[in-house]
Amino acid sequence: MWPWGGRGLGERRGLLGREVGQRLPWGEEFCCHPGLVSQWRSVQLCYEVWGSWPSSRPRLFAEERKLVKPAPGPAMDSAAKDEMQPALLPGPEWPEQERAERLARGAALKWASGIFYRPEQLARLSQYRSREVQRTCSLEARIKSVVQSYLEGVKTGMWQLARALEAVHGARVALGQARGLLRGMAEAAQTLEPLRERVAQHKQLQALSQLLPRLRAVPAAVAHTQTLIGAQQLLEAYVSLRELEQLREETWEALGGLELPIFERLGPLAEALGQAVEAAAGAAGKLAREDPALLVAAVRVAEVDAGCTTSLEQAPRDWRQRCLRALQEGLEQIHFGTPLLPGPGALEGWLEALRVALPAELATAEALIAPCCPPHYKVVQLWAHTLHSGLRHCLQQLLEEPELGAADAFTLLHWALHVYLGPEMMGSLELGPEADVSQLEPLLTLENIEHLETTFVAKVQASVAQWLQKALDGEVAEWSREQEPDRDTSGFYHSPMPAIVLQILEENIRVASRVSESLQQRVHGMALSELGAFLRSFSDALIRFSRDHLRGEAMAPHYVPYLLASLNHQSALSSSVSVLQPDGVASGAMAPVEAALDELQRRICRLVLEALLVELQPLFEALPSRQWLSSSEVLDDVCERTARFCQDFWRVRNPAVQLLLAEAERTVVLQYLRALMQGRLVCRGADERTQAAERLRHDAAQLRELFLGLGLEESVQCAPVLLALRELLNLRDPTLLGLEVAGLRQQFPDVSEDHVSALLDLRGDVSREQRLAALSSLQAGPQPSPAVGRRALFSLVPAPTPAPSSCLPSGPCA
């Protein structure tokens with residue numbers, strides 16, 4: 001690769017000539033220097049001789065320069081010295097020249113090194129020199145020719161620039177002359193301005209002279225038009241007004257935009273006619289029945305004026321829009337004016353009047369008003385939308401009032417959601433498709449419906465709470481009466497309170513279902529909430545009633561019968577509360593009420609049993625005793641009082657009566673067990689143990705017969721526990737007590753060591769070792785299987801704390 005790009009000598013020579021000839025006119029003058037040309041020619045000659053640099057004998061550049069350096073002598077003339085060492089043009093303004101010189105010098109040295117390396121080439125040195133001289137002369141001649149051509153072009157350009165400068169000077173002089181002429185013409189035009197004004201005045205006077213007869217008639221025409229407007233001859237008045245306005249336009253154009261004072265009354269006159277058109281449109285319903293021609297005239301005036309244009313710079317009258325707006329405002333004022341808004345309690349009558357008036361208004365619009373108006377007015381649709389919009393705005397004003405009651409809220413909800421769009425009003429089949437009621441927006445928004453439902457539920461809840469409290473107060477007042485509770489035809493205690501309560505709640509739910517499902521659900525939730533509150537109040541009233549009676553503060557002559565009557569009330573509510581469950585409501589919503597009813601039932605039963613205990617506790621103080629062993633008098637008294645107490649249970653409806661009897665029997669048995677566990681009797685021998693066991697058997701049979709006679713099923717009785725205790729007392733071999741105790745544990749899993757120890761104390765013949773063995777069988781025996789439906793007995797019976805000597809290591813006192 002050569003330093004100048006790797007091209008051949010012939011190719012580089014051709015390029016050199018082209019570059020010199022093409023680049024000179026653009027300023028690359030370093031290519032024209034004679035020394036550079038000579039050096040380039042030396043490089044080309046070197047390449048022509050050998051074709052490439054010899055690669056067999058590489059030498060250092062310094063050594064080659066020493067070898068080719070010629071000795072000074074006469075054989076080397078000045079031309080050869082100049083060719084071997086060309087002079088460079090100094091100067092800092094040609095950096096390219098310096099670089100080119102270095103390249104050329106290096107190339108020449110390399111070429112000379114190759115030439116002088118072979119002595120046989122020195123003989124041809126003169127030929128090389130002459131050839132290079134010829135080529136240098138040829139290049140110089142070509143360069144001179146190019147420079148000469150370039151100089152000729154510059155000369156031609158300078159001549160053309162001189163000619164252009166002369167032309168510019170001539171144009172400048174001509175422009176100056178034209179400016180002077182224009183200035184003179186402007187001065188002359190100013191002198192003609194007064195004449196022009198006189199000409200304009202002459203034209204205005206000429207136009208006024210022609211229009212003067214018509215202008216004199218303007219005041220009379222204005223007065224006549226005013227009279228026509230007062231006489232409601234709207235078409236004639238509009239024609240007269242248009243003639244006056246056309247005359248004003250002609251005068252305005254003739255006077256060049258000047259308006260005469262004579263036309264100042266046309267503005268108020270047009271406004272008076274527009275007001276007359278609005279008044280006629282506002283009374284469209286009345287005029288359609290009495291004077292349809294006037295309505296037609298007003299509409300025609302509005303339509304004709306909508307197509308008229310004027311050249312005056314005035315705002316358009318737009319009577320068509322004023323007419324349509326007057327139609328809407330007049331219709332709204334008739335039906336929904338502020339003085340016509342209903343007061344508190346009058347909403348139902350107002351809505352009923354609207355139910356009759358609005359369809360009649362739409363029928364009138366379709367039959368009478370629509371033929372008087374152009375089709376594009378869409379009168380029926382306009383009437384329907386205007387009435388709907390006015391009613392909607394009026395209802396919004398009603399909702400802002402704080403005195404809206406429950407009845408008004410319900411009436412408005414039912415009317416807006418069902419009556420308004422129903423077949424009696426906007427959904428009537430008599431209305432044609434022109435009404436387009438399907439495009440009407442909802443009469444009440446979702447927020448309005450939410451507000452009305454909330455108001456209705458709140459008002460109804462307050463009313464329901466008052467009614468329920470009144471029903472409860474009336475029922476509580478009867479508890480202190482001197483006579484028993486009322487009975488129905490079947491002999492059961494009866495009161496209208498449960499029916500009243502359920503009727504109040506069910507009626508409100510049923511009424512709410514006529515409006516919407518959401519309101520029904522709200523009222524249903526409210527009803528359940530109020531029923532729960534009523535049941536709690538009822539329970540609290542029973543507690544106060546029982547407390548006052550037991551403390552003697554307010555003795556009730558028929559305390560237990562009224563408790564039993566309350567149990568009947570609970571049963572009636574429990575069996576009928578399902579009527580409060582509407583379709584589609586989850587059954588889980590009734591769970592709190594059902595739980596409250598169950599709790600009320602338990603509380604009433606507990607109050608009844610407390611009254612039973614008050615009568616039986618003095619009798620059980622004598623049990624067990626020596627008298628009890630020898631006589632059945634104690635239990636006879638218990639059975640007599642129990643039978644007398646429970647004789648009114650059959651005034652209670654099933655299944656509550658079975659529950660009462662079972663709880664009463666269980667209470668008697670618990671009191672019996674409690675008395676046995678008190679340790680008031682210890683058998684002195686086998687005869688007394690046999691006597692006690694026989695007494696237990698007899699008492700169990702007596703209690704069984706008592707409650708069977710009262711109607712209690714034998715399967716739910718607790719008296720058989722006495723027979724199990726009888727076996728424990730009747731056992732003659734104390735070493736077998738462990739088996740009996742284990743059997744007792746299997747039948748009654750809640751029996752404890754304290755209870756067993758108390759029963760062993762009743763036997764009176766159990767040693768310490770036998771006691772420990774019997775008690776240990778409670779822990780060592782198999783665990784009792786849980787009995788389904790078995791209720792606790794022993795766990796409700798307190799036992800006296802045994803002596804520490806009788807405790808097992810794992811017992812409660814260990």
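By salt bridge I mean a side-chain nitrogen of Lys or Arg within 4 Å of a carboxyl oxygen of Asp or Glu. This is a predicted model, where local features need pLDDT of at least 70, side-chain atom pairs count only at pLDDT 80 or more, and totals for chains, interfaces and linings use all residues. Residues are numbered from 1 along each chain as its sequence is written, and side-chain values use heavy atoms, leaving out hydrogens and water.

Back to our pair: Arg 355 and Glu 352 sit 3 residues apart in helix H13 (residues 347–369), so about one helical turn separates them. Helices here are DSSP runs (H or I, at least four residues), numbered from the N terminus. Arg 355 is partly exposed at 22% relative accessibility, and Glu 352 is partly exposed at 39%. The cut-offs are under 20% relative accessible area for buried, over 50% for exposed, and partly exposed in between, with a 1.4 Å probe and protein chains only.

Glu 303 and Arg 320 form a salt bridge, the closest N and O atoms being 3.0 Å apart. Glu 303 belongs to helix H11 (residues 292–306) and Arg 320 to helix H12 (residues 319–336), so this contact ties together parts 17 residues apart in sequence. Glu 303 is buried at 17%, whereas Arg 320 is partly exposed at 28%.

Finally, Arg 242, Glu 245, Asp 305 and Arg 317 are linked in a salt-bridge network. Across the whole structure, the search finds 32 salt bridges. Thanks, everyone!

Definitions and conventions. Helix = DSSP H or I, 4+ residues; strand = E, 2+ residues; numbered from the N terminus.
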